[in-house]
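The sequence and the structure come before the details.

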Amino acid sequence: MDTTHEVFNQPTPLVDYNLFDTNRPLRDALKFNAPALQTTQLHELGATLGSAGMQAHARLANIHTPELHTHDRFGRRVDEVEFHPSYHALMSAAVGAGLHGTPWTGASASPHVLRAAGFMLFTELEPSILCPISMTYAVTPALRGNAGVYADWGPKLGSLRYDPALKRFSDKPGVTMGMGMTEKQGGSDVRANTTRAVRDGSDAWGERYAITGHKWFFSAPMCDAFLVLAQAPAGLSCFFLPRVLPDGTRNAIQIQRLKDKLGNKANASSEVEFQGASAWLVGEEGRGIPQILEMGTMTRLDCALGTSGLMRQSLGIALNHATQRNAFGKPLIDQPLMKNVLADLALESEAATALAIRLARAFDRQDDEHERLMARLLTPVAKFWICKRGSHFAQEAMECLGGNGYVEEGGEGIMARIYREMPLNSIWEGAGNIMALDLLRGLRKGDAIAALTKELAPARGQHAALDRLADALPARIEAMASETEARRLAQDVALAVQASLLAQTAPAAVAGAFCASRLGGDWGNAFGTLGAGTDFDSIIQRAQPR
């Protein structure tokens, strides 16, 4: 016999659906934060990203991982990374959707919110390739610190055309950029960097330096240029370092090896040495730290957006499975305990989406003092809390699928990829302690208490637990004299803002259950421990991906 049994009670994969049209929490967040936003582009992007063809590209880009070629067959040093064609297909789609430098030049009324929503949708398909996309987004405004470089490179950083070739920027329709900050001995403590910059003349791009040293994490090494940190005579400074010099020769960047990472497989992260590489000063010499902070703010936003997207994707897969799979005489989704788990995950996902899009709104309104303060406060808070919840979320969503979620094959095999990806956003661009310390610094900028009070005011009276937390936060902020409880403060600020946003944008069933569980104590220490009075069916129905 060719077969021994009929295969049944296995769900069909979640494929060929519109990621945007079916994401009601995201659409409601956009209506609240950018009511005039035209979403036609997001509708089209959602259809593309949910297609079987794009899902195949995501799978292939992670199976056929980047390969480093340090030398050609004749022994010449080339330092090139080879990618599978699916990687380039994904990059082309992300650039074509304007997820990189376009908000700085776009005509949309809310360009950062529009780009944030697209970034979240793309993360549901494949997050790894978004590393160079995110860095291109982050470095674009910082590059204005060198007028000559920005005049030449700025327009191409916002181009919707992707060209992977390693050649002069002047010969390319569009370019991407990366960053090189950390070193072996310092990590997040970039003041410990030992890479040196020595003046080497000047030209149309300003003061030129020769860079000698290394970078321990040099992500996306095939980008066209990088912003790097090095010690100049006046102290740690920021430099623009292209892969190919204006005369067409390769810059002195040697790729030592690629990192063998837990996840993020489609993206190449490397270790590099600079052998007197040519670079140009960006901003003032000795002012490298402020430049980093400006760029870090943007990439930290993307960490929150990316984790929110991964939450939504894993929730959708879990719901798709539970709706079709029968166990003990009825669909899994009708089993009381499974309902509790899925509803709890739906609350977490919607709260993450609400906070991440709210943060993006702040970047669209930097001429407003309140929004500037909220960007300063919510960036570390959102990055800390959403990303911290990610790994727990992915594990629980995977468990909804049982053994099917633990394998690497097929549509549900995406869960294993998500699980490996989740810790990255929590670590990249500053781990939890760095974010908590950054919140403390933000609280000393302007009247943070007044800004937070104003932010929470519209939701006052909606739920007693939220009112209690909002009442307690000002005194806690005033009394925060040490770093010991900074993580707890970051957590509670995040929860308060999430609850406030849900009270204004989500149905009563969602907002009430979130406040009762996260703020009111009607919750256990794991997902799936919501109180019996929760409106599980309404919460689950709102989150369904079909």
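## Basis and terms

A residue is called buried when its relative accessible area is under 20%, exposed when over 50%, and partly exposed in between, with a 1.4 Å probe and protein chains only. By that rule phenylalanine 218 is buried, because its relative accessibility is 0%.

The model is predicted: local features need pLDDT of at least 70 and side-chain atom pairs count only at pLDDT 80 or more, while totals for chains, interfaces and linings use all residues. Residues are numbered from 1 along each chain as its sequence is written, and side-chain values use heavy atoms, with hydrogens and water left out. Helices (H or I, at least four residues) and strands (E, at least two) are DSSP runs numbered from the N terminus.

## Pockets

Cavities and pockets are found on a 1 Å grid over the protein atoms alone: in a cavity a 1.4 Å probe fits but cannot get out, whereas a pocket is an open set with protein on both sides within 12 Å along at least five of seven lines; lining residues have an atom within 4 Å of a point. Grid points are joined across faces, edges and corners, and a volume is the space filled by probe spheres set on the points. In the residue classes, Ala, Val, Leu, Ile, Met, Phe, Trp, Tyr, Cys and Pro are nonpolar, Asp, Glu, Lys and Arg are charged, and the others, Gly among them, are polar.

The largest pocket holds about 1300 Å³. Its lining has 49 residues, with Thr182, Ile427, Trp428, Glu429 and Gly430 nearest the centre. Two or more lining residues come from each of helix 5 (111-125), helix 6 (130-142), strand 3 (177-180), strand 5 (206-219), helix 8, helix 11 and helix 12 (432-443). Helix 8 has the largest share, 9 residues. By class the lining of the largest pocket has 23 nonpolar, 16 polar and 10 charged residues.

The second largest pocket has a volume of about 520 Å³. Of the 19 residues that line this pocket, Leu293, Glu294, Thr297, Arg372 and Arg376 lie nearest its centre. Helix 8, helix 10 (369-400) and helix 12 each give two or more residues to the lining, and helix 10 gives the most, with 7. The classes here are 7 nonpolar, 4 polar and 8 charged.

## Cavities

There are 5 cavities of 30 Å³ or more in the structure. Asn62, Leu125, Glu126, Pro127, Ser128, Leu310, Gln313, Ile414, Arg417, Ile418 and Glu421 form its lining.

Helix 11 contributes the most, with 4 residues. The lining of the second largest cavity divides into 5 nonpolar, 3 polar and 3 charged residues.

## Helix packing

Helix 13 (residues 448-456) packs with helix 15 (residues 486-505) at an angle of about 30°, and their axes are 9 Å apart. Axes are lines fitted to C-alpha atoms, for helices over the stretch in contact, and angles run from 0 to 180 degrees between N-to-C directions.

With contact taken as heavy atoms within 4.5 Å, Leu452, Glu455 and Leu456 of helix 13 meet Val493, Ala496, Val497 and Ser500 of helix 15. This contact comprises 5 nonpolar, 1 polar and 1 charged residue.

## Aromatic pairs

Rings of Phe, Tyr and Trp (its six-membered ring) pair if their centres lie within 6.5 Å; planes under 30 degrees apart are stacked, over 60 edge-to-face, and the rest tilted. The count by this rule is 13 aromatic pairs. Tryptophan 153 and phenylalanine 169 are stacked, because their ring centres are 5.0 Å apart and their planes lie at 25°. Tryptophan 153 is in helix 7 (residues 147-157) and phenylalanine 169 in the loop between helix 7 and strand 3, so the pair links parts of the chain 16 residues apart. Both tryptophan 153 and phenylalanine 169 are buried.

The rings of phenylalanine 218 and phenylalanine 226 have centres 4.2 Å apart and planes at 35°, so this pair is tilted. Phenylalanine 226 is buried, with a relative accessible area of 0%. Ring pairs also join Trp153, Phe169, Trp205, Phe240 and Trp280 into a cluster.

## Positive phi angles

Most residues other than glycine have a negative phi. Alanine 220 has a positive phi, near 55°. Alanine 220 sits in the loop between strand 5 and strand 6 (225-232) and counts as buried at 5% relative accessibility.

Glutamate 429, also not a glycine, has a positive phi of about 60°. The loop between helix 11 and helix 12 holds glutamate 429, which is partly exposed with a relative accessible area of 22%. Glu429 is also among the residues nearest the centre of the largest pocket.
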